[in-house]
Amino acid sequence: MSMLAVDAALASARAVTRAHRAVRVRRYLAATGTVALSVALVVWTLLPLYNMVLISLEPEGDVFTDHIWPRVVSVESFWGVLTQSHWYLEHFWRQFANSIYMGAMVTILTLVIGSLTSFSIGRMRIRHGWLVSNVALLTYVIPASFLAIPFYRIMQNYGMANNLWSVIAALVAFATPYAFFVLQEYGRSIPIEVDESARIDGASPLQVYLRIYLPLMAPALVAVGTYAMLLAWNEYLYQFLLLSSKSSMTVPVALAQFLSSDQSPWNYMMATAIIYALPPVAIYYAFRRRMTAGLTMGGVKG
Amino acid sequence: MDSTSVVDVGRPAVRRGTLSQFLRGSLKGAEYTWAVAFVVPYIAVFVTFVAYPIVYGVWMGSEASLYRELFADPIYQTTVVNTVLYLALGVNVKMFLALLLSGFFMRPGWWTKLLLLIFVLPWAVPQVSTFVSIHWMLNGEWGFLNNALYKLFHIEGAHWLNDRWTALGAVIVSHIWKWTPFWTLILLAGRMAIPLEIRDTARVDGATGVRGFVYITFPLLANLYLICTLLSTVFLLGDFNTVYFVSGGGPANLTHVLGTLGIRNAFDIAQPRLGVAAVMSALPLVIPLVIVLMRKLRTAEVQL
């Protein structure tokens, strides 16, 4: 009997330690799992970017090798891009300026048109404003690439091909709806009484828009502006179709031209790709918080 | 007597509306002019650069014979299969990963925050840059992937972009790589918006881990998840860059999707109408999607 009791006691004690061990093992496994997942995520995320950096650091003519770590770190290709010394890159700065000009124009126009529309519909409550909202919603959900062919034709007919403004027009048309939604959503948090009291004090609608609406909307405007800029910077199809001369094209179009050649200078291409990627990455990290807030408002809520 | 006047005062807007009242609503004179002036720029942009191209496109693609020619084209048939696969796998795998990862990024701690900062990089880097890099990375002879596979594991990698299925797979994986961060951020915001009390109560009631996800988190996220899936489907249907840069539609035009085939027909073989027809053939899918999405986005205040 007593032997059995001891056995039972021992068994329960063993069960307790086993349970403890199980908890410890589980915690250990969870920690290992987290670390493994983190490492996998980092490798997965950085792989194409690492490839970009690796190749851009190759000296000329050394691209066709099989090493996977940079052996000789050479900034020759970056220098080549910045001084336009490779024949492919003779218009690099012009093209970069085109990209910046296009991005800036798309951002400014999207902000102006989007905020005016949102002010008229959300704050002044113009009749049938819902019609405009629906039109914007429709534009938001139509794939832009599906309209590229007729858009190209129309621009050809107007003699607007090879003109940066044709691209700017298309991008503004596709960026404004989203801007409008984010602004509408954000505007709801500002009491309409603010506008009304200004009006009673004799301010005209334009003054209310400029002096009250725009300053109060600043955070949303930053989110929308960043979005528009990134949209322009990411776009390729319209720029490719509409811009064909070396001096009017933008960086992505020039970069893609490398691809069609038999002997692509990959180190120069990757250096160009990295330089082109720097502004949006910087802007994204600068306005990250505002961006994310804006995305969840307009990107999903409408 | 009193009561009638009260009624009159109570509903001035319902009184016989003249046409101008109908148009102007409650705004008067100069204010109405301002309000109209403020919407005119957007309406002008929409009519000129969206509505007009739509009408022009419909006109270009309105001949029935175009579609007979299109449907008989073997490249078109492969393209339809590719598009369906691209949509089914690209959207769902990506959204499911985003759902799981958004849960992972809910964990507290600096490590998670840092990881999230790295994780969103693919989305912040421009598409052309990254897809060009992936294209070269997958090169069978000199690409980084095969070099790494051989050096680290002594595996001979395939010529990824020379075979239809691996090339299509590469396109789908590239899409997932590029866009999972974006949707993870959205779903993460959705999870953050679930009130803490709900999560705490659920935890007290024993709904933790998988059970907490199935019974608490997912039901609250379901509507958001559905809208994200639909939006992502529409965006993916219009995708051009991924296919164009990663596989280029090759080998031998076997990995086109509708977006790239339209451009190829219009510009590479100079048949713009056939290009428009390829895009228009997606309308049976686009129209219902757009209707459902518009209704969802307009009426449903998504529970974020």
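Colleague: Where in chain A does Asn162(A) lie?

Modeller: You will find Asn162(A) in the loop between helix H5 (148–157) and H6 of chain A. Helices are DSSP runs of H or I with at least four residues, strands are runs of E with at least two, and numbering goes from the N terminus. This is a predicted model, in which local features need pLDDT of at least 70, side-chain atom pairs count only at pLDDT 80 or more, and totals for chains, interfaces and linings use all residues. Residues are numbered from 1 along each chain as its sequence is written, while chains are lettered from A and ligands numbered from 1 in the order in which they are written.

Colleague: Why is Asn162(A) called partly exposed?

Modeller: A residue is buried if 20 or more other C-beta atoms, placed from the backbone, lie within 10 Å of its own, exposed if 12 or fewer, and partly exposed in between. Asn162(A) has 15 such neighbours inside 10 Å, so it counts as partly exposed. Its phi is near 65°, a positive value in a residue other than glycine.

Colleague: And what makes His154(B) exposed?

Modeller: His154(B) is exposed because it has 7 other C-beta atoms within 10 Å. This histidine also has a positive phi, about 55°, although it is not a glycine. His154(B) sits in the loop between helix H9 (144–153) and helix H10 (164–192) of chain B.

Colleague: What is Ala144(A) in contact with, leaving aside its neighbours within four places in sequence?

Modeller: Two residues are in contact if their C-beta atoms, placed from the backbone, lie within 7 Å. For Ala144(A), the contacts are Phe174(A) and Gly238(B).

Colleague: What makes Pro279(A) partly exposed?

Modeller: Pro279(A) has 17 other C-beta atoms within 10 Å, which means partly exposed. Pro279(A) is part of helix H12 of chain A.

Colleague: Why is helix H14 of chain B called mostly covered?

Modeller: In H14(B), residues 258–268, nine of 11 residues are buried. Among them are Leu258(B), Ile263(B) and Arg264(B). The cover includes H5 of chain A together with helix H5 (74–104), helix H13 (241–246) and helix H15 (272–280) of chain B. Just after H14(B), Ala270(B) takes a positive phi of about 55°.

Colleague: What covers the buried residues of H11(A)?

Modeller: The cover includes helix H3 (92–123), helix H10 (237–242) and helix H12 (266–286) of chain A, plus helix H8 (127–137) of chain B. Val251(A) and Leu255(A) are among the buried residues of H11(A), which spans residues 251–259.

Colleague: How many residues of chain A are in contact with chain B?

Modeller: There are 71 in chain A, in contact with 71 residues of chain B. Helix H1 (residues 2–56) of chain A gives the largest share of chain A's side, 11 residues. That side divides into 54 nonpolar, 13 polar and four charged residues. Here Ala, Val, Leu, Ile, Met, Phe, Trp, Tyr, Cys and Pro count as nonpolar, Asp, Glu, Lys and Arg as charged, and the others, Gly among them, as polar.

Colleague: What makes a set of residues a nonpolar core?

Modeller: The set must be buried Ala, Val, Leu, Ile, Met, Phe, Trp, Tyr and Cys residues joined through C-beta atoms within 7 Å. The largest has 162 residues, and Leu171(A), Val172(A) and Val224(A) have the most contacts inside it. Helix H6 (residues 164–187) of chain A supplies the largest share of this core, 16 residues.

Colleague: Where is confidence lowest in chain B, and where is it highest?

Modeller: pLDDT is the predictor's confidence in each residue, from 0 to 100. In chain B it is lowest in helix H1 (residues 2–10), at a mean of 36, and highest in H5(B), at 93. Across chain B the mean pLDDT is 83, and 88% of residues reach 70 or more. Over residues 1–16 of chain B, pLDDT stays under 50, and the model has zero contacts there beyond four places in sequence. Where pLDDT is low, the predicted coordinates should not be read in detail. For the complex, the predictor gives an ipTM of 0.85 and a pTM of 0.86.
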